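The following paragraphs lead through a protein model, beginning with a strand pair and moving on to sheets, charges over rings and a pocket. Please keep the sequence and the structure in view while reading.

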Amino acid sequence: MDVQIKIDPLATAPYVEIHTAAVTPEITAMVQRISSEPAAVLLPGFRGEEVIPLYPAQLIRIYTEDAKVMADTDVGTVALKYRLYELSALLTDPSFLRISNSEMVNFKKVRSMNMSVSGTISILLSNGAKTYVSRRYVAKIKTFLGL
């Protein structure tokens, strides 16, 4: 299968054209897969005067600090203009889970977890940060992990 990408500065949104001699099950499956995928969410992150476009895959954790919503990302720590509940709705990937009232974690970026005897869970993230699951969210995390 030949794939071509053409850059069109006048295009307002990306679109896909399929040129084929006949509609095969492979083509039908490809159309369903492409049309069912949601558009990628792009979040603006702020670091001083700089605006950094962020894809959800770059996010490690999102938390509140001094009444601001902050995010640890692959490119460093940035401020976000969204509230945590808005980000919960925007980030539809099931790997983004709330671990407390003030923090969300991308479980694709979890390096390890320590489930202590006292019932708490500590999480070591890919950037080396360590955070804790509040007791209220422990059952939800265990269900997500299949424990």
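Leu-97 stands opposite Val-105 in β7. The strands concerned are β6 and β7 (residues 103-106), which pair in the antiparallel sense over 4 bridges. Strands here are DSSP runs (E, at least two residues), numbered from the N terminus, and two of them pair if DSSP finds at least two bridges between them. In general, strands of a sheet pair through backbone hydrogen bonds, either parallel or antiparallel.

The model is a predicted one, in which local features need pLDDT of at least 70 and side-chain atom pairs count only at pLDDT 80 or more, while totals for chains, interfaces and linings use all residues. Residues are numbered from 1 along each chain as its sequence is written, and side-chain values use heavy atoms, with hydrogens and water left out.

Strands β6 and β7 belong to an open sheet of 7 strands with antiparallel pairing, in the order β2-β1-β5-β4-β3-β7-β6. The edges are taken by β2 (50-54) and β6 (96-100); each has a single partner strand, so one side of each is left without a neighbour in the sheet. From one strand to the next, the twist averages 35°, an angle between the N-to-C directions of axes fitted as lines to C-alpha atoms, on a scale from 0 to 180 degrees.

Within this sheet, β5 can be followed to two partners. Strand β1 (residues 43-47) and strand β5 (residues 76-80) are antiparallel and share 2 bridges, with Gly-45 opposite Leu-80 in β5. Strand β4 (residues 68-73) runs antiparallel to β5 and is joined to it by 5 bridges; here Met-70 faces Ala-79 in β5. Between β4 and β5 lie 2 residues, and the two strands form a hairpin.

Another open sheet has 3 strands in the order β8-β9-β10, again with antiparallel pairing. Its edge strands, β8 (110-115) and β10 (130-133), each pair on one side only. The twist in this sheet averages 25° from one strand to the next. Strand β9 (residues 121-125) is joined to β10 by 4 bridges, and Ile-123 stands opposite Thr-131 in β10.

Side chains provide the next topic. Where does the charged end of Lys-81 sit? It sits over the ring of Phe-46, 5.1 Å from the ring's centre. Arg-61 likewise lies over the face of Tyr-63, at 3.9 Å from the ring centre. A charge counts as over a ring if NZ of Lys or CZ of Arg is within 6 Å of the ring centre and within 35 degrees of the ring normal.

Finally, the largest pocket is lined by 21 residues, of which Gln-4, Ile-5, Tyr-15, Val-16 and Glu-17 lie nearest its centre. A pocket is an open set of points on a 1 Å grid, where a 1.4 Å probe fits, with protein on both sides within 12 Å along at least five of seven lines; lining residues have an atom within 4 Å of a point.
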